[in-house]
Amino acid sequence: MSDVIGPPVGAPRPRRLDPARRAADLLLSAKERERAGCILEAIENYEAAISAAEVSGEHAVMAEALRRLAVVRHKRDEGDEARRLCDRSYDVARRTDNPVLAAEALNTLGVIHVREGSLPEAAAAFRRALEMGEASRELRARAEQNLGIIANIHGDLDGALSSYERSLDEYRRANDEHGCAIAYHNLGMVSADLARFEDADGYFTKSRAIAEKAGDVLLQGLCLLNHADVHAARQRFEEARRDAEASLAIFDQLGTRDHKSAAYRVIGIVYRETGRLALAESRLRSSIDLALQAGSVLNEAESTQELAVVYQSMGRNQEALQYLNRSHGLFKRLDAKRDLVDVGGKVLALEGTYLAVVREWGGSIESSDSYTHGHCSRVAENAVAVARALGLDELELTTIRLGAYLHDLGKVKVPHEILNKPGPLTRDEFEVIQMHPVWGIDLLEGIEFPWDIKPIIRWHHEKHDGTGYPDRLCGDEIPLAAQIVGIVDVYDALTTTRAYRPAMTHAAAMQEIGKMRRSWSEPVMVAFLEALGEQPAALNPDAAEVMERAQGRAQGRAA
Ligand SMILES: [Fe+2]
């Protein structure tokens, strides 16, 4: 932030600008002051260059000074002024028939739009820059590169790949080797995201070779780091560790904490995937600390997600969920324009990890009850089908899927001999079983989910007529999601073999559910029949008549 404060008291005043100095000289010294980090002096020089060029009629200098001043103003969060300067630069270049400088102004305007999150305007500016700057390969290469970045933010990986390929082609024709190195690096990143690891391998190797020759240490480090990520994805753990450590040495030297955070993450992943869980935990914790120091929400979110998977591997499921919840909150805070990433894609990937962790935990509960193998997965699938039939939205579907996986979590506290007892349960034993919804909630104490899944766990055994447990809720007091999981849970229990009875056929189970119809609301029963592709006739005659009337009402409403 040193570039936005004034000179300290007692410091020599900046020298006065000579009005007779030529515009070109002023532009040159403005660039020098900017490179030296003396931003206020740079602004003064750019403004003087613009005034001098206006008088002398050096239009190219004026267009260039206006555009560069726009970049400086934008970095100082003066967006309106920056865009106005770009427009002026474009007008001057157009008036004097200098299409390349006009295209430069458009390219800069596009970058400003990206940073402000106006992606359609940015893409339009880059496309116009491409057309107008036909004569400059170097400019076209940069405009293509910028279009690739926009495609990447949209999650359009194929589009990004094509833009980066065109950018590489332009850099090659312009004989710009360093530009090629940047294009190879970007191609490596997008190829890795597309799981084209062989291609990514080649791109990172080429980019790094040029970076070494050109002495671009940061690019070398980034190539090593992202190549390490590719090695890890290909399970080449030794190569991954070696490259990540080498990148860490570079970032240490450069003092870039956000990149160091990413390098520690890759090392942590390697340790986790090779079974060294304590080391993995330690490296990922270092990664999170560095991300916090650097203020990098993206790195903090990614490393928190990876740490959650370490805890899951250690069987510390509660902590795994706590870290996944934290990571979810961080991903939601990401800013596509600042982090230049596909935020939606990141959140989706995290939800995939979340589902995998919860599914595995649900599955491990089943292993204590040998008769219910696959129960949670079937209940989750059928519950989502019922929820869809009720027209619930994506957020509710995710809530129901996760709640269904964990609905019987509390059963881990029920003694094995009660859970698997072949004969009828005594009253006391049944009372123990009835505690499992409450114990499930106890096990999740202190865990705040992004989705409202606890009501499903607590109330999936409640009944519409008030005869359920643990709280004897009635009618609409029972949340819809809990009723949905409740009905498919009963159906699954009836159609699978249990310690105390053989599996029923689908038809017999439907008859049985018909007898229990007062346990759920009519809309839930109707949606359940629809999800299973059944007609009310599948239920017993008495229930079927009620359901036919309910279905008629539902259709009447829909019409
Ligand atoms: Fe249950």
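This is a predicted model: local features need pLDDT of at least 70, side-chain atom pairs count only at pLDDT 80 or more; totals for chains, interfaces and linings use all residues.

Author: Start with H25: its 15 residues should span 21 Å at 1.5 Å a residue, and its end C-alpha atoms are 22 Å apart, which agrees.

Reader: At what angle do H20 and H25 cross?
Author: Roughly 50°. H20 covers residues 394-406 and H25 covers residues 480-494, and their axes come within 10 Å. That angle makes H20 oblique to H25.

Reader: Left-handed or right-handed?
Author: The crossing of H20 past H25 is right-handed.

Reader: Which residues meet there?
Author: H20 brings Glu 396, Thr 399, Ile 400, Gly 403 and Ala 404. H25 brings Ala 481, Ile 484 and Val 485.

Reader: How do the residues of that contact divide?
Author: Into 5 nonpolar, 2 polar and 1 charged.

Reader: Why would residues three or four places apart point the same way?
Author: Because an α-helix has 3.6 residues a turn.

Reader: Switching to the whole chain. How many helices and strands?
Author: The chain has 28 helices and 0 strands.

Reader: What share of the chain is buried?
Author: Buried residues are 45% of its 559 residues.

Reader: And of contacts between residues at least 6 apart in sequence, what share join residues at least 24 apart?
Author: In this chain, 58% of them.

Notes. Residues are numbered from 1 along each chain as its sequence is written. Axes are lines fitted to C-alpha atoms, for helices over the stretch in contact, and angles run from 0 to 180 degrees between N-to-C directions. Helices (H or I, at least four residues) and strands (E, at least two) are DSSP runs, numbered from the N terminus. Angles under 35 degrees count as roughly parallel, over 145 as roughly antiparallel, 65 to 115 as roughly perpendicular and the rest as oblique. A crossing is left-handed if the near helix is turned anticlockwise from the far one by less than a right angle, and right-handed if clockwise. Two residues are in contact if their C-beta atoms, placed from the backbone, lie within 7 Å. Ala, Val, Leu, Ile, Met, Phe, Trp, Tyr, Cys and Pro count as nonpolar, Asp, Glu, Lys and Arg as charged, and the others, Gly among them, as polar. The expected span of a helix is 1.5 Å times one less than its number of residues. A residue is buried if 20 or more other C-beta atoms lie within 10 Å of its own, exposed if 12 or fewer, and partly exposed in between; C-beta atoms are placed from the backbone.
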